[in-house]
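Have the sequence and the 3D view open as you read.

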Amino acid sequence: MAIGFTSAIADFDQKQFDALDTTAGAASSYSRLRQHEQDARWVSRYLGWFDGDEVRAAVPVYRYRMRSWPDPSYDPHSWGLPDGIADECSPRTSLMVGGCVDRRTGFHVDAEARTPRELHRLLVEIAKHAADEDLCLTFPYMYADAKSALDAATDDRIVWAELGREAHLFGLSDPDWESSLSSRIRYRLRQDQRKIAAVPMTVGEESWDEVDAWASELIAHHNSGKGTHEHPEFVSFRYSGWQDNPDIGLLAFTAQSAGLRGVETILLWENELEVYEVGISGEESDERFALYLNLLFHLPIQYARARGIDHIRLGSKAETPKALRGAAFETLYGGVLSRAETKRLAYSGS
């Protein structure tokens, strides 16, 4: 078996890479990470473990070249870690394991290589790489299974904080999906449909190019209201990356009533649909709420079920309305291994 670093994801077979872990969906897919390699702000490397022609592990690690974080949500100081834990973790002193954007991290290590002994071998190589430059290791937006495996392989030396929860709808390809839901959830969905029917609206499925001119502004306004301030031009630029990805579909659901207009962007990858971002004009009202319900829940559900798509990602935040409509939740964690512990791990392989 061969273990070593490479600087290009092209050194791995795409199907094998994606099959190692699908928990983060499109955000951690081969083609999405290949796009990150083209971003000159990041130095990307991959720790690969090959068993002949079979890829057992392919773990991306990232070093940021700039002085300030491009996304504050990746700054360990924002994670709510115990006092002092994040003090060493500036952009230039952190080696990020697994992902650096999209706020979800896949852990591309197969089941046999996730045992404590085997995973420890991989982490020692990553720690050596970090220790050579006096870096700490950060593990952003990891799912619970990856966190548990990392804890077992490091004797619980990584310090973690919960970063949020991602909502999911599963089993939509089952013809009996709706009847499998609780009566409370079925009642809520029917109540939604009555509210939607009470507001005359026109809905559609559009390409991003068809809606970009006005949708970017609505999405920017919505994000600003949630505390993420950005210019519509940057929204448009962000979607150009998804458009350029040959393996991920991008479309927009639109809804328009007498006085309001709304958009919901959708990502399609493998057998899942991701509800990505929403923007709706106007102030809070019954009319606006009907557009919101249709865009965020009912149009994606109808689209998925009509095409045999089994899984919808509903994103984080707004947990209560998602739970009321049948969502299950997975917790995402951020972890830090201090510089001293990173060196200790590196030397443990000697």
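One aromatic cluster brings together Phe-12, Phe-17, Tyr-30, Tyr-46 and Phe-50. Keep in mind that you're looking at a predicted model.

How many aromatic pairs does the structure hold? The count comes to 14. One of them joins Phe-12 and Phe-17, and this pair is tilted. Another is made by Trp-42 and Tyr-64: the angle between their planes is 45°, so this pair is tilted too. To describe any pair of aromatic rings, you give the distance of the centres and the angle of the planes. Here are those values for the two pairs:

| Pair | Centre to centre | Angle between planes |
|---|---|---|
| Phe-12 and Phe-17 | 6.3 Å | 50° |
| Trp-42 and Tyr-64 | 4.5 Å | 45° |

Where in the chain do Trp-42 and Tyr-64 sit? Trp-42 belongs to strand β2 (residues 42–51), while Tyr-64 belongs to strand β3 (residues 54–64). They are 22 residues apart, so the pair links distant parts of the chain.

Buried or exposed: what are Trp-42 and Tyr-64? Both are buried. Phe-12 has a relative accessibility of 4%, so it counts as buried, and Phe-17, at 0%, counts as buried as well.

The charged end of Lys-147 sits over the ring of Tyr-333, 5.2 Å from the ring's centre. Over the face of Trp-214 you'll find Arg-261, at 3.9 Å from the ring centre.

Terms used
Residues numbered from 1 in each chain as written. Predicted model: local features only at pLDDT ≥ 70, side-chain atom pairs only at ≥ 80, totals over all residues. Heavy atoms only, no water. Phe/Tyr/Trp six-rings, centres within 6.5 Å; stacked < 30°, edge-to-face > 60°. Buried < 20%, exposed > 50% of the residue type's maximum accessible area, 1.4 Å probe, protein only. Helix = DSSP H or I, 4+ residues; strand = E, 2+ residues; numbered from the N terminus. Lys NZ or Arg CZ within 6 Å of the ring centre and 35° of its normal.
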